[in-house]
Amino acid sequence: MDSASSRKLLGFRQIAQEKLQHVFYSIPSEKDLIIEPALIKPLEHVCGASWLRKKGIDKIFKFDPKNPPPKRKQFVYFITSSLLTFKSVLDQISGYQCQTSSMMEPDVRNKQYHVLVLPSVLASFEHLLEEEGLHGIVELYNFQWDFLLLDESLLSLELPNVFADVFVRKDTTPLGSIAQSFRIFNVVMGRPHLVFSLGENAEKILHMVQRMETSKRPNVAGKESATKTGDGNGDKEPEYAAMLILDRDRDYPACLLTPVVYCGLLLEIQPLNSGSLVVDGECNKIKNGKLAFLQEAGTVTPSKQQETTSLRMSGAQDMIYLEHRYRHFSEVISLLSAQAKTLGLEGKAYTREMKLHEMKEYVTHKLPKVAAAKKELFKHLRLCETIVEEIGGNFEKHQMIEESILTNTNRKQIMNYILELLSSDAHRYNTLRMICLYHVTIGLTGEDMTKLMTGYLNAFGYRHLSIFHNLFQARLFPDTTNLSKTKILSQISIPTLKTPFQIEANKLKQLPTDTPNESVSDRDGGLVAAGVQSAGGGGGGGGGVGVGKSCPSYVFNGNYIPLVTQLTHLIFAASSFDNLNTRLGHLERLKVSGRLLAGGGQSSGDVLCSPRTIKELSASSHKAALNQLLPFKEKTIFIFIVGGITYAEIAACHLLERTIGVKIVLSSDRIIAGHDLIESVVNC
């Protein structure tokens, strides 16, 4: 990425600081900050403790509902938009109010309690404030930090529960906050020439952004109207030629499959919070999700308690992570072992034959660097050891079953494997993850659905029956209330018939193992035969059988190319709009909008509010302009996935960058793994 674009991405931090500063300056005198623990790590990407103190913050406390800090001065609470958390905050404030004299009237002008809510204050907050009798005593504020730069070309909004709210509860409230961030993005980066959206929620976000930009606001009306009419900022060339917004439910397999790249496997075993991974040798996602008696049977008492540390998954912060993040895990272990041996030799470089100045140079400069490198390397070795212990034993068989699911072969073997997991090695989330992958790609029959539900409920208890309704709401499981059709279909078995998932995936050439090599050529839009070998370092990886490192499917052992990667490749590989129509015209949900389509008429807002399919645009008056735009001269694209992005998709897009020479900036509401996706549905 060029320095100008990098500076603009860092500019989002400055915007967030300005927003936070505005809130703090509106509260006179010194104050204490009480912050929800989950928001500490994201806030570190915006500002530090010294910056907060300069803005009038005296002391900083973690929010604990059971242990409130001593009341000294004004309190500023910083919480997420959770009603339960807000109720706990009001309970604390009520306790403080009871400690003060009941004869004193509250000073409405100088309120002592302020609540900062990420990303926005809900209407239910106002109602609860009145019910608790604290209206006029507590002041509420909206705050959103927009895009946080977690790594090179990787942004995140760090918004909690977006997938559960939008895709399970069907609550579109978080989409308004995402749209607001996109409006800021358009102001900073410029509106891209073409905006591609795939999914219902992606379209809703674009409609919200367009309404925000066309609404009359005194402070920005002039600037935005100039953008729409082609004056001022409208003439400025956008930083990104294209934008792609994708719903998570449009590509569930990329989230449910088990990755083989190092960064992806890290999230399979430990939780991630705003780019910081927990390094804990005592517990992990695999142990926490298994039944208690299975854990007790296999637990070995450690010789000593291992401390919990964190690992910054950022190439700028960790050079070891930068070198190995996108490599195949089998390569990482051997390379880390070689690094450990090299550091061991460097640590023994001290000899008695050294002269005095050489000893001083060694102790002052080299020895601290070696010690710091050993400390960082030890974290990675601990994580690799955990991956091997928790996942390695069954990994090859698991990969083989996932390949069978994708290619719709060996159904009986797949069912037996899942039932065996439920009876002997059940995991609360990962077993459900396999079941959901089976349904999304092949489709569960009524008989299979009954077997799997019974096995899961027998393992974890019938109190979890509602989980399957939540999975159905997210389109991850069949409807359990309507079994008549599925019972009829279960009597029919046509093993040679392609499933709808396979038909769609083969059209986009996402299944290298299910497509003949001659039909997966670069000319036809496939990536398997791109023929560009990825270099070492961040882009390395080992693919499956017959698939080299030049194919993004290496992130899933050569079995699957993520949809976001394939769409990006097809968009930039199109030589004209007619060619793009040939490749992507069958996708009815893929809509196109952008500044290019708004330039032809005076009512640009009306045009922008109506994204159209590629087929519709091929028969419209915009076709000539679109043919002139494609192929893109500037191969830059900004991608956003609604509902969470995985490191497998990030690694695949990183390889695509190096393969075809494009610049891709990826973003989402948060970075997740398949475990996190299922957990959010279960806890919904």
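In what order do the eight strands of the open sheet lie, and what is the pairing?

Mentor: The model is predicted, so some limits apply: local features need pLDDT of at least 70, side-chain atom pairs count only at pLDDT 80 or more, and totals for chains, interfaces and linings use all residues. Residues are numbered from 1 along each chain as its sequence is written, and side-chain values use heavy atoms, with hydrogens and water left out.

The eight strands form an open sheet in the order S6-S7-S16-S15-S9-S8-S13-S14, and the pairing is mixed. Strands here are DSSP runs (E, at least two residues), as helices are (H or I, at least four residues), and both are numbered from the N terminus. Two strands pair if DSSP finds at least two bridges between them. At the edges stand strand S6 (148-151) and strand S14 (612-613); each has a single partner strand, so one side of each is left without a neighbour in the sheet.

Touching is a matter of contact, meaning heavy atoms within 4.5 Å.

The axes of helix H24 (residues 563-573) and H29 come within 9 Å and cross at roughly 25 degrees. That makes H24 roughly parallel to H29, a label given to angles under 35 degrees, while those over 145 count as roughly antiparallel, 65 to 115 as roughly perpendicular and the rest as oblique. The crossing of H24 and H29 is right-handed; this term applies if the near helix is turned clockwise from the far one by less than a right angle, and left-handed if anticlockwise. On the side of H24, the contact is made by Val-564, Thr-565, Thr-568 and His-569. On the side of H29, the residues are Glu-649, Ala-652, Cys-653, Leu-656 and Ile-660.

Next comes strand S8 (194-198), which lies between S9 and S13 in the sheet order. Five of the five residues of S8 are buried, so S8 is largely enclosed by the rest of the structure. Buried means under 20% relative accessible area, exposed means over 50%, and partly exposed lies in between (1.4 Å probe, protein chains only). In a regular strand the side chains alternate between the two faces of the sheet. In S8, Leu-194, Phe-196 and Leu-198 point one way, and Val-195 and Ser-197 point the other way.

S8 has pairings with S9 and S13. Five bridges join S8 to strand S9 (residues 242-247), and these two run parallel. There, Leu-194 has Ala-242 of S9 as its bridge partner. With strand S13 (residues 590-593), S8 runs antiparallel, and four bridges join them. In that pairing, Leu-198 has Leu-590 of S13 as its bridge partner.

Side chains of opposite charge can pair when their charged atoms come close. A salt bridge is a side-chain nitrogen of Lys or Arg within 4 Å of a carboxyl oxygen of Asp or Glu, and by this rule the count comes to 23 salt bridges. One of them joins Glu-213 and Arg-191, whose closest N and O atoms are 2.8 Å apart. Glu-213 lies in helix H8 (residues 200-214), and Arg-191 in the loop between helix H7 (173-189) and S8, so the pair ties together parts that are 22 residues apart in sequence. Both Glu-213 and Arg-191 are buried.

A further salt bridge joins Arg-169 to Asp-165, with closest N and O atoms 2.2 Å apart. Arg-169 is partly exposed, with a relative accessible area of 44%, whereas Asp-165 counts as buried at 16%.

Key:
Axes fitted to C-alpha atoms, helices over the stretch in contact; angles between N-to-C directions.
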